[in-house]
Amino acid sequence: MEGYYGTYALVGLVLLVASAFVAVAFAGGRLLRPSVPTHEKLTTYECGVDPVGVGWAQVHIRYYLYAYLYVIFAVDVIYLFPWATVFDAPGFGTATLVEMFVFVGFLATGLLYAWRKGVLAWT
């Protein structure tokens with residue numbers, strides 16, 4: 001498969017084979033699985049507790065703030081490991097160090113904001 005259109009033909013062939021593989025897997029799963037629907041299987045399942053009442057519950061904002069803090073400090077790890085490898089490369093020392101101090105400054109600002117709002121207090 002040479003040429004300009006040959007590469008597109010190869011990509012199309014791979015997509016076709018992948019789609020066929022997924023379709024065969026789903027069809028095989030549907031044919032092989034047992035299907036015995038009962039009333040208990042068709043009810044809503046929530047952590048082993050039978051659903052009672054309405055499906056709306058009020059959630060405290062504190063949990064969203066915990067999630068926000070987790071995202072802040074989990075994302076920084078994505079940037080710290082590549083930074084450590086680039087910082088060691090020749091010619092990147094000072095600029096990379098300044099950029100990382102700016103990044104850590106943003107993280108410190110987020111942590112200071114959370115601390116000032118009382119999110120870090122154990123309640």
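Helices (H or I, at least four residues) and strands (E, at least two) are DSSP runs, numbered from the N terminus. The model is predicted, with local features requiring pLDDT of at least 70 and side-chain atom pairs pLDDT 80 or more, whereas totals for chains, interfaces and linings use all residues. Residues are numbered from 1 along each chain as its sequence is written, and side-chain values use heavy atoms, without hydrogens and water.

**Figure 1. Overall fold of the predicted model, with four helices and zero strands.** The order of elements along the sequence is α-α-α-α. Of the 123 residues, 9% count as buried, where buried means under 20% relative accessible area, exposed over 50% and partly exposed in between (1.4 Å probe, protein chains only). The protein has an accessible surface of about 11200 Å², and carbon and sulfur atoms account for 72% of this. Accessible areas come from the Shrake-Rupley method with a 1.4 Å probe; for residues, only the protein chains shown count as cover.

**Figure 2. A nonpolar surface patch that includes Leu16.** The patch consists of Leu10, Leu13, Val14, Leu16 and Val17, which together have about 470 Å² of accessible area. Like charges are joined within 9 Å, and nonpolar side chains (Val, Leu, Ile, Met, Phe, Trp, Tyr) within 5 Å. Leu16 belongs to helix H1 (residues 4-32). Leu16 is exposed because its relative accessible area is 58%.

**Figure 3. The largest cavity, with about 40 Å³ of space.** The structure holds one cavity of 30 Å³ or more. On a 1 Å grid over the protein atoms alone, a cavity is a set of points where a 1.4 Å probe fits but cannot get out, and lining residues have an atom within 4 Å of a point. Grid points are joined across faces, edges and corners, and a volume is the space filled by probe spheres set on the points. Leu65, Tyr68, Leu69, Tyr113, Ala114, Lys117 and Val119 line the largest cavity. Helix H3 (61-87) and helix H4 (93-116) are the elements that each give two or more residues to this lining, and H3 gives the most, with three.

Figure 4. Val119 counts as buried because its relative accessibility is 7%. Its C-alpha atom is separated by 7.1 Å from that of Arg62, 57 residues apart along the chain.

**Figure 5. Gly110 in helix H4.** Gly110 is buried because its relative accessibility is 14%. Gly110 and Leu69 lie 41 residues apart in sequence, with 8.1 Å between their C-alpha atoms.

Notes
Patches are made of residues with over 30% relative accessible area and no salt bridge: like charges are joined within 9 Å, nonpolar side chains (Val, Leu, Ile, Met, Phe, Trp, Tyr) within 5 Å. A salt bridge is a side-chain nitrogen of Lys or Arg within 4 Å of a carboxyl oxygen of Asp or Glu. On a 1 Å grid over the protein atoms alone, a cavity is a set of points where a 1.4 Å probe fits but cannot get out, and a pocket is an open set with protein on both sides within 12 Å along at least five of seven lines; lining residues have an atom within 4 Å of a point.
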